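User: I would like to learn how to read individual features of a protein model. Please take me through them one at a time, with the general idea before the case at hand.

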Amino acid sequence: MAKKRQKNCQGGVWKSARERLHGFWNAFEKEDRVLVCINADPDALACAVAIKRLLRYRVKRIVIAHPNEIRRLNNVAMVERLKIPLERLGNVKVHEYTKKIIVDSQPTHLPVFEKIEFDAIIDHHPIVNGGYSASFVDIRPGYGSCSTMLVEYLRAANMKPSVALATALFYAIKVDTQDFSRRALLADGISFRYLFDIANRNLVKKFELADMRRSELKYFNVALNNLI
């Protein structure tokens with residue numbers, strides 16, 4: 001039976017998950033120093049860690065960098081509990097990296113990204129300017145989460161995610177689909193179910209409980225005082 005094929009939104013070419021994976025791998029060489037750029041949120045963080053797993057042993061070095069300050073307590077908890085290594089993009093010498101990837105975003109989304117020439121773009125948001133000239137582009141706007149796409153890459157590579165990586169991807173799909181109350185594809189549900197028995201769901205609950213800003217805590221204090 002022929003494998004089910006999906007449309008590459010960049011070039012209009014139908015490709016299997018395995019073909020996409022090898023297209024991605026072929027964009028890199030053993031001596032490459034790779035910079036993964038994200039606008040840090042749960043989906044972008046999970047995707048970046050998954051990319052780091054996919055390129056392990058295939059490139060010389062991988063660094064994840066973000067331009068935004070991470071303020072939300074759930075995002076802070078996610079980074080700290082899962083020990084996600086991050087650098088601020090402003091502190092990184094971009095020219096020292098031979099290859100650059102942007103994930104869960106596109107070069108036109110932020111002015112700081114527009115200055116970087118990316119070799120690979122992986123995203124699930126609508127294409128803004130009609131297309132990109134990067135050597136590898138995988139943009140699928142129908143997907144509820146970019147993490148779903150990365151799960152497909154991992155499965156095509158026969159790489160079972162670690163508990164930490166599975167937890168990050170599982171949480172990211174929950175957040176971006178708002179527990180599947182927003183538009184999502186069957187693919188999102190399949191990836192979510194695949195991660196269900198691998199992820200640390202108790203840790204995910206802790207991320208969700210931390211999903212508020214410090215400024216919001218005062219309202220709980222007011223409510224508690226009114227109960228006394």
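User: Where is F180 found?

Analyst: The model is a predicted one. In it, F180 is found in the loop between helix 6 and helix 7. This residue counts as partly exposed, at 33% relative accessibility.

User: What is the phi of F180 near?

Analyst: The general idea comes before the case. Most residues other than glycine have a negative phi. In F180, phi is near 65°, a positive value in a residue other than glycine. Q178 is also not a glycine and has a positive phi, of about 50°. The place of Q178 is in the loop between helix 6 and helix 7, the latter covering 186-196. At 45% relative accessibility, Q178 counts as partly exposed.

User: How is a cysteine pair to be read, and how many disulfides does a search of the whole structure find?

Analyst: The test is a distance: two cysteine sulfur atoms must lie within 2.5 Å to count as a disulfide. A search of the whole structure finds 0 disulfides. For C47, the nearest cysteine sulfur belongs to C146 and is 3.8 Å away, and C47 is in no disulfide. C146 is likewise in no disulfide, its nearest cysteine sulfur being that of C47.

User: Are C47 and C146 buried or exposed?

Analyst: The cut-off for buried is a relative accessible area under 20%. C47 has 0% relative accessibility and therefore counts as buried. C146 is buried too, with a relative accessible area of 0%.

User: Which side chain is joined to that of K99 by a polar contact of 2.9 Å?

Analyst: The partner is D32, whose side chain makes that polar contact with the side chain of K99. Leaving aside residues up to four places away in sequence, K99 touches A27, F28, E29, D32, R33, V34, L35 and D119.

User: How does one read the chain as a whole, and how many helices and strands does the protein chain have?

Analyst: The protein chain has 9 helices and 8 strands. It has 228 residues, of which 48% count as buried. The protein chain exposes about 12,300 Å², with carbon and sulfur atoms supplying 51% of that area.

User: Among contacts between residues at least 6 apart in sequence, what percentage join residues at least 24 apart?

Analyst: In the protein chain, that percentage is 65%. The pair L165 and A50, 115 residues apart along the chain, may be viewed alongside this total.

Conventions
Residues numbered from 1 in each chain as written. Predicted model: local features only at pLDDT ≥ 70, side-chain atom pairs only at ≥ 80, totals over all residues. Heavy atoms only, no water. Buried < 20%, exposed > 50% of the residue type's maximum accessible area, 1.4 Å probe, protein only. Polar contact = N/O pair within 3.5 Å; in protein donor to acceptor, adjacent residues only side chain to side chain. Contact = heavy atoms within 4.5 Å. Helix = DSSP H or I, 4+ residues; strand = E, 2+ residues; numbered from the N terminus. Areas by Shrake-Rupley, 256 points an atom, 1.4 Å probe, with all protein chains shown as cover.
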